[in-house]
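The exercises below are to be worked with the sequence and the model at hand.

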Amino acid sequence: MQSTICALATGMGGAVAVVRTSGPAVLRILNTLTRRQNWEPRKQIFCTIYDGESVLDKALVTYFPNPHSFTGEDVAEFAVHASPYIKGRLLELLCAAGAVPAKRGEFSQRAFLNGKMDLIEAQGLCDLIASGNKASHRLAIAGLDGALSARIAAMRNKLTELLAQIEVRLDDVDEEMTPLSDEFIRTEINSVLVYIKSLADTFSVGRLIKDGLRAAIVGAPNGGKSSLLNALVGFDRAIVADACGTTRDTVEETLEINGQKIILTDTAGIRGHALDPAEQEGMRRSARAMQSADVILFVLDASRALTDEERALWNDIRRTGKRTLIVLNKTDLPYQPCQLEQAEPYAVLPVSCKTGSGIDALKKAIVRDTDEAHTADGLMISNLRHYESLLRAQTELESALLRLSANAGGEIYAEHLRGAILHLKDLIGEVTPDDVLGVIFSKFCMGK
């Protein structure tokens, strides 16, 4: 029998806190602490919580009998005043009455184990709690509302039906059934494979939406990098001065563009020879920021001719293979077009940090890719485990097609279909080992 667990379900601050308990002993504990017997399911009741013969608090208490609760077990929620003493003492009383402190994510894990949600929905819930902007919230809701789970289940069911048709013919030793044509099998497999590929391809952008897109502002000293950071975030975050080399360290700031989290890093100016050890270290950190960025903003002072240092830096940037936006700054002064070699495939955006001209266009360009990547039915993934399961299923289906083309026999490509089905089941959580589940749910917050 499962133990009865308890935990604080709300964070710090606020006037009201919620303490949640779930498990077989909930009703007994509830009756003991409130000295009540009759509970109307899913209705908040104002009652007294007793600490021995003393009153701990007057609270709103809700009882959810199984299976009509979040976890599928008996659940009680205590909405108490958010005094640290009241919250702590209530948890002590619950444990004294037979409950044990919940582990991280244990409520959600029980909901999963009791069939109240699948693993994609559970991880969507975790992402929803962690979402800090509109885009990540929208992505989490898509996982939580079951749309992604339904699409994965539909692909699994299609492959399962195909496998059943193949296997029943393998057992038909008298050849009484009409054989399946290779073209039919190939078409069925390809219909699933194409969608799996399209869904897996959304991961790179889904990850950026979930974790934030990292944009490194790089360039030669005194090109206007710190001014650009200030213009993008809307306030003076970085020190700006006429002297070269004002920025010696990376400066990081987060902003939101069209609901998307952007992590901007203003880097020290990169030149051929550093003047002192501090500048050398600043340049090393600039190089690391450029390597870890998802997009590079290469800032040039458009009011003057290019320097040899800027040309060398441009070659270094192109070698990274990263998406790069060329930002021509200081266009409020007389300026000339981009003078970089092989700049044609890259977006060139004239801006003036002084007047604000071009800043909105630059913001749109930064988030351009995150607005476009999703499947035909609007779904996207952001979880590494989902991505890896899809890639494994994709590999199995591609192997099945190769065996089919090589006339390897139904037993061979049927085995690859089983492998693909297994990976899709693992994605939903139907065959995920307990130790893996423990790792997944340990990343959830306490009380959820």
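**Exercise 1. Identify the buried residues of helix 11 and state how they are arranged around its axis.**

Step 1. The buried residues of helix 11 are Glu310, Leu313, Trp314 and Ile317; buried means under 20% relative accessible area, exposed over 50%, and partly exposed in between, with a 1.4 Å probe and protein chains only.

Step 2. These residues lie on the same side of helix 11, because they cover an arc of only 105 degrees around the axis. The arc is that of the directions from the helix axis to the C-beta atoms.

Step 3. Asp308 and Arg319, on the other side of helix 11, are exposed.

The model is predicted: local features need pLDDT of at least 70 and side-chain atom pairs count only at pLDDT 80 or more, while totals for chains, interfaces and linings use all residues. Residues are numbered from 1 along each chain as its sequence is written, and side-chain values use heavy atoms, with hydrogens and water left out.

**Exercise 2. Compare the reach of helix 11 with its expected span, and state what follows the helix.**

Step 1. Helix 11 comprises residues 308-320, 13 residues in total. Helices (H or I, at least four residues) and strands (E, at least two) are DSSP runs, numbered from the N terminus.

Step 2. From first C-alpha to last, helix 11 reaches 19 Å, close to the 18 Å expected at 1.5 Å a residue; the expected span is 1.5 Å times one less than the number of residues.

Step 3. Glycine 321 follows helix 11, and its phi is positive, near 75 degrees.

**Exercise 3. Describe the aromatic pairs in which tryptophan 314 takes part.**

Step 1. The structure holds four aromatic pairs. Rings of Phe, Tyr and Trp (its six-membered ring) pair if their centres lie within 6.5 Å; planes under 30 degrees apart count as stacked, over 60 as edge-to-face and the rest as tilted.

Step 2. Phenylalanine 298 and tryptophan 314 have ring centres 5.8 Å apart and planes at 5 degrees, so this pair is stacked. Since phenylalanine 298 belongs to strand 10 (residues 295-301) and tryptophan 314 to helix 11, the pair ties together parts that are 16 residues apart in sequence.

Step 3. With tyrosine 346, tryptophan 314 forms an edge-to-face pair, at 5.0 Å centre to centre and 75 degrees between the planes. Tyrosine 346 is in the loop between strand 11 (323-329) and strand 12 (347-350), and the two residues of this pair are 32 residues apart.

Step 4. Tryptophan 314 counts as buried at 2% relative accessibility, whereas tyrosine 346, at 23%, counts as partly exposed. Phenylalanine 298 is buried.

**Exercise 4. Give the volume and the lining of the second largest cavity.**

Step 1. On a 1 Å grid over the protein atoms alone, a cavity is a set of points where a 1.4 Å probe fits but cannot get out, and lining residues have an atom within 4 Å of a point.

Step 2. The volume of the second largest cavity is about 70 Å³. Grid points are joined across faces, edges and corners, and a volume is the space filled by probe spheres set on the points.

Step 3. Among the residues that line this cavity are Leu300, Asp301, Glu310, Leu328 and Cys338.

Definitions and conventions. 1 Å grid on protein atoms, 1.4 Å probe; cavity = no way out; pocket = protein on both sides within 12 Å on 5 of 7 lines; lining within 4 Å.
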